[in-house]
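Reader: I am new to this structure, and I would like to know what lies behind the words used to describe it.

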Amino acid sequence: MREGLGKMSARSLYLRFFSGARTPPDWVIDRLLDVDGHDHLAWGAIASDREGKPAIGAVHAFRSEDHPECAEFSVAVLDEFHGLGLGKLLTATILLDAAGEGLTDFTANTLSENASAIDFTKSLGGQLTARDGAVNTYSFDIAEAVERLRLECDPPGIAEVFNVLG
């Protein structure tokens with residue numbers, strides 16, 4: 001996990017973790033690695049065409065203790081792979097997994113300056129539900145987000161995600 005995060009630019013780390021730290025603190029790493037397949041879902045992507053098959057992206061959903069049908073959603077992709085649709089592929093995967101685990105809604109926190117994340121969240125049906133300083137919280141319905149992504153023809157491979165998982 002640390003090796004992958006070490007390949008992200010300082011700007012990407014800041015936008016993803018809301019901190020200028022070069023690496024997230026140990027408790028954040030521990031939380032990201034503590035996947036159980038129900039309360040914490042996670043999927044990753046590897047570059048199978050590269051030596052060592054390095055990790056290049058990950059997506060997580062953390063179920064809310066107060067609202068067990070809702071989870072906090074996040075996605076991260078190494079800078080080198082931005083703009084290729086990997087975030088959409090990972091998101092489609094976790095949306096389908098989450099629906100299978102009984103989740104109905106996702107929330108996503110993003111910095112107000114992160115136009116790309118905001119646009120992506122809105123494309124999934126995200127609605128701004130809260131602001132806390134520079135952090136915006138968006139909520140969206142998983143079934144609606146699945147249908148929005150199902151209609152996408154881009155990136156190549158997204159149809160295969162739906163064929164295999166949903």
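Author: The questions and answers below set values against definitions.

Author: This is a predicted model, in which local features need pLDDT of at least 70 and side-chain atom pairs count only at pLDDT 80 or more, while totals for chains, interfaces and linings use all residues. Residues are numbered from 1 along each chain as its sequence is written, and side-chain values use heavy atoms, with hydrogens and water left out.

Reader: Which helices and strands does the protein chain have, and in what order do they run?

Author: The protein chain has seven helices and six strands, where helices (H or I, at least four residues) and strands (E, at least two) are DSSP runs numbered from the N terminus. Their order from that end is α-α-α-β-β-β-α-β-α-β-β-α-α.

Reader: Why is the protein chain called as compact as a globular protein of that length?

Author: Its radius of gyration, taken over C-alpha atoms, is set against a globule rule of 2.2 Å times the number of residues to the power 0.38. The value is 15 Å, close to the 15 Å that the rule gives for 166 residues, and therefore the protein chain is as compact as a globular protein of that length.

Reader: Why does Ala143 count as partly exposed?

Author: Buried means under 20% relative accessible area and exposed over 50%, with partly exposed in between (1.4 Å probe, protein chains only). Ala143 has 49% relative accessibility, so it counts as partly exposed.

Reader: How many of the residues in the protein chain are buried?

Author: Buried residues make up 40% of the 166.
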